[in-house]
Amino acid sequence: MTPITHKSVITMAVPIMLANVSQPLLGVVDTAVIGQLPDPFYIGAIAIGALIFSLVYWGFGFLRMGTSGIAAQAYGAGDGKELAAVLYRALLLAAGIGVVLLLLAPLISKLSFWLIAASPDIEREAKIYFDIRIWSAPFSLANYAILGWLIGIGQMRWAFVVQIYLNVANMVLDALFVLHLDMATAGIGYGTLIAEVSSAFVGLAVVWMFLRRDGERPSRARILDRARVRRMVLVNGDIMVRTLCLTFGFSWFAAQGVKISDVAVSANAILMQLFFMGSYMIDGFATVSEALVGQSVGAKSRQRYNTAVRISSQWAMVTGAVLSLAILLAGPWAIDVMSVNLDIRSYARTFLWWAALTPILGAACFQLDGIFIGATRTKDMRNMMIVSLIVYLAAGYTLMPVFGNHGLWFALSLFFIVRGFTLYARMPALARDAFA
């Protein structure tokens, strides 16, 4: 393993940052494309539909995070057969969960729209999007497993190739179907479906290249080893609870905007795209932490762990501050690009400064997430997320009746702050147990 320096951390982080920023950029492009249609409910429909899939797919985001932490530790320990077995286990789990999601699609749709209770126009269009995109479930989850494995072995550039293909293909297809073929909401759905399916095959080709190069062929007994499968299930279960809490928090945020007005939910959707743009860039350093911390734990190197945490955290905080300033300065222009509706533009400008706070407030908790994932200290992640969600919801329900959308944004900011403080309080226990 190469020494950890500022240069090496940045070299690893840049491809992930570019790949990550393409993810919210996809949301920005989708919003801008559908925003060229005059009716405001189209933006709201795509926002609600995408948030449902955030809950459905991101709820199984452990397939990326859990795979990266376990793979990184196997890589750090120099166990090639286990490293290959981790990938096979993750892909089998992704396929199984994807099939279950397809079978449960009608129930998921009915429950989701009942909970959100959007206006009839928004619900009608969002259902069109949902019914198309749900068919990508097994392939989307396979993408999570593939990316996690590549990150765990430190192959950030190849992870970037897979992710950038997915997002660029998605943006191009969405624009083609909506702007040139006049398919409206259905066009966004079909564009996303085709991109996610084809991306899974690109990712499989990449990981097969590494497996052939290393020549490792784990036996079926190794892949299905009860103790190792149990460990993966426990780690992934904790991350799943954590991720469900996180995505529920964002979904709840959108649902409260629906209760204010169609203009409010659309404006909040635009501002959340700016937040995602910032958070995914910061997450580049958190992803580097996953790999470096996991490899350090696998190699039992406390010095390497300390260096990884210190350098990656410094860059994460600096990036958060820069992004907050960028959102504040460029936000009005971005709002105008994403919507032609004057009411939405005006409303979004009123709350822009809240969106500008999110990168700097969230930088610590994003970075700590990466550290805890790499160390597979997932119970702490789960428990601290539950505490933070309770505080967030209590603040939202208390402040919204008095301060409206300002109260909602304050509660979201508090969510980030509590997550950072509670995870930081568990850092000494993490280091003590990892290097006992």
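This is a predicted model: local features need pLDDT of at least 70, side-chain atom pairs count only at pLDDT 80 or more; totals for chains, interfaces and linings use all residues.
Residues are numbered from 1 along each chain as its sequence is written, and side-chain values use heavy atoms, with hydrogens and water left out.

Helix α7 is mostly covered, with 15 of its 16 residues buried (under 20% relative accessible area, with exposed over 50% and partly exposed in between, using a 1.4 Å probe and protein chains only). Just after α7, G154 adopts a positive phi of about 80 degrees.

Now turn to helix α4, residues 80–103. Its 24 residues should span 34 Å at 1.5 Å a residue, and the 36 Å between its end C-alpha atoms agrees with that. Among the buried residues of α4 are E82, V86, R89 and A90. Those four also take part, with L93, in the contact with R228, V229, M232 and N236 of α11 (contact means heavy atoms within 4.5 Å). Helix α11 covers residues 226–260, and its axis lies 11 Å from that of α4 at an angle of about 60 degrees (axes are lines fitted to C-alpha atoms, for helices over the stretch in contact, and angles run from 0 to 180 degrees between N-to-C directions). That makes α4 oblique to α11; angles under 35 degrees count as roughly parallel, over 145 as roughly antiparallel, 65 to 115 as roughly perpendicular and the rest as oblique.

A second pair to look at is α3 (residues 62–76) and α12 (residues 262–299), whose axes come within 6 Å and cross at roughly 40 degrees. Helices α3 and α12 are therefore oblique to each other. On the α3 side the contact includes R64, S68 and Y75, and on the α12 side it includes E290, G294 and V297.

Finally, find V309 in helix α13, residues 302–338. V309 is buried, at a relative accessible area of 14%. Leaving aside neighbours within four places in sequence, V309 touches V293, Q367, I371 and M427. The C-alpha atom of S289, 20 residues away along the chain, is 6.7 Å from that of V309.

Definitions and conventions: Helices (H or I, at least four residues) and strands (E, at least two) are DSSP runs, numbered from the N terminus. The expected span of a helix is 1.5 Å times one less than its number of residues.
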